[in-house]
Structures are given as C-alpha cells and as structure tokens.
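Hi everyone, thanks for coming.

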Amino acid sequence: QLLPVLESARTMNKELFLTLLYLLGLVAVVALTVLLLWPFLSALAWAGVLALAARPLYRRYLRWCRGRENVASFLATATVVLIIVLPFILLAVLFAGEAAQVIIALEEYASTGRVPGMDAALGNPKVQSFLEWAQPYIRDLDIKPILLAAMKTASTVAVGLSKALFKNFFLAILKFFVMVAVLFFAFRDGEAITQAFWEAIPLKRCDKEIIASAVRRVVYAVLYGIILTCVIQGALGGVGFAIAGLPSPVFFGAVMVVFAFIPLVGTALIWVPGVLYLFAAGQYGKALFLTIWGMAVVSSIDNLIRPYFISTRA
C-alpha cells in the first residue's frame, strides 16, 4: 500500500524541482536581459511612449497602405522623427550654443568681479534715487559679494553639467538610433507584443481591458497634459525673452521648460528676474510687455491647454 504513495511523492518532488529550476532559469534570463539593456532603458521607454502616443497615426498610415505593416511603420516612424525628434535636436544644438555663451559670460564676470546688469542698473536715475532713499536701511548690507558668490556657484555647476553632457553626447546619439529602431518595431509589432503580454497575465479579460485602458489614458494625459504643456510654456517664455531683447532666449526658454514643472511659481522664477532687470535698466516698455506676457500668456496658458489636452482622458 505504501508503494503508490511513495511513487506519487517522488513524482511530485520531481515536478516541484523542475518547476523551481525553470523559475530560477527564467529569473536569471530576465535579470541578464535587464542588465544588458540597462544603458538603453530610457531609449526603449521613450520608443514605447512615442509609439503609444502616435498609434492613431500608424493606423491611419496602415489604412492608406492597405494593410502593409512595414510601409506603415516606416512612414509613422519617419513622421515622428521629422515632427518631434529633429526639432528637438535642433533646439538642443541651439541650447548648447547659447549655454556655452552663458558659461563664458559668467566666468568672465566672475573673474573680473562684476555683476551682470549692475552697471546698467546703477546708471538708471530712478535706481540711484531709490538707493539714496534706502541708504540708511542698507548701509550695512553689501549684496555684491553675495551675488558674485552665487554667480561663481552657477558657473561651476554649469561647467560641470556641460562636461557631463559632452561626455554623454555619443551615448545620446547611440540611444537616439536605438530609439528609432525600436520605434519602428513598436509600431509594427506593438499590438502582437501587447497581446502576448496580457495573455501571460493571470487576470480576467475585463480586468485586463480596464488596466490597459487606464494605462493608455495615463500616458496620453502625462505626455500631452504635463510634458507638452511645460514645453509650450518654455517656448512662449523664450519668445517673450526674444521680443524683449534679453540675451540667450533659447537657453532661458529651455530652463523655463524645466521650471514649469514646479507648482505655483514655475516659469515665474525665470521671467520675473528678467522683468526686474529691464526695469532696473530703464527699459520700462519692454519690462511692462514681459510682465504682461509672463502673467497672461506664459504662466496662465497651462490653465487653458492642459484641460484641453486631458479633458477626454482625465
């Protein structure tokens, strides 16, 4: 009577051992794959996001090409590169040029002990009268060393960032080509990959559809409602700097894109100092224009375009 029980236990142990061995091998393969792809995870992620965002464009091309997936994927990839990636690269090149000029100017001012805009501000009669009125209150306050120290710190940080960007330039080029290649296959095989992925997930079909729909809405809302809104704010801020005659509008526009992610203050951290500089330099018309532009356009446009972008996906 014990023989069948022992045989069943032996079979069960063998199946358990093989299952654990298979699971261990699967974990090892996944870990090695992630390790090999780790330097390119950002490129893969951006390719997936762009493919998901431009999926309607691919489907339109697929209808025009009568179901030829390779041709539709090539056209969709080329369109995304021409509309999104190439302008971004052009702006990055312009930003690098203006950033180099800003770094050189900061180093020159720091070496000579001068503060940018200080001479123009001190030459303004209204600023001089204000300083005379405030002299009893600020006679013990020497702000110039503080400004010079802040400027030297900003120069050091900018130089360090520029060196890091230069070192990673060729890696960025490689990641760009990887992203373009993956984007093509994401368009062509995206639905098949997604279907295979969801088939491996042990959930009900209705739950899978809910999760997939939520993921698509979140990606669209983040990409259009947050990232694209901040890019538009930064671009409008750079346009305002260019119209007002302030230097390096592309550089400060790119900085405003980053600062636009900060709640409440956002881009005002960049364009308000520009307004103060114009007022101090006696350019009141340009200062008034930049104030109106910053308040009515740059800082308020997100209240219009962000709800528009995410209104159907929130």
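I'll talk about a pocket, then the cysteines, then some aromatic rings.

A quick note on the ground rules: this is a predicted model, with local features needing pLDDT of at least 70, side-chain atom pairs counting only at pLDDT 80 or more, and totals for chains, interfaces and linings using all residues. Residues are numbered from 1 along each chain as its sequence is written, and side-chain values use heavy atoms, with hydrogens and water left out.

Let's start with the second largest pocket, whose volume is about 1,200 Å³. On a 1 Å grid over the protein atoms alone, a pocket is an open set of points where a 1.4 Å probe fits, with protein on both sides within 12 Å along at least five of seven lines; lining residues have an atom within 4 Å of a point. Points are joined across faces, edges and corners, and the volume is the space filled by probe spheres set on them.

Who lines this pocket? There are 28 residues, and Gly 190, Glu 191, Thr 194, Trp 198 and Arg 216 lie nearest the centre. H8 (169-200) gives the most, with 11 residues. Helices H2 (41-53), H3 (55-64) and H9 (205-244) each supply at least two. Helices here are DSSP runs of H or I, at least four residues, numbered from the N terminus. By type, the lining has 16 nonpolar residues, eight charged and four polar. Nonpolar means Ala, Val, Leu, Ile, Met, Phe, Trp, Tyr, Cys and Pro; charged means Asp, Glu, Lys and Arg; the others, Gly among them, are polar.

On to the cysteines. The whole structure has zero disulfides, taking a disulfide as two cysteine sulfur atoms within 2.5 Å. Cys 230 is buried at 1% relative accessible area, and Cys 65 is buried at 7%. Buried is under 20%, exposed over 50% and partly exposed in between, using a 1.4 Å probe and protein chains only.

Finally, the rings: there are eight aromatic pairs. Rings of Phe, Tyr and Trp (its six-membered ring) pair if their centres lie within 6.5 Å; planes under 30 degrees apart are stacked, over 60 edge-to-face, and the rest tilted. Phe 251 and Phe 252 are edge-to-face, 5.2 Å centre to centre with 80° between the planes. Phe 251 is buried at 17%, while Phe 252 is partly exposed at 26%.
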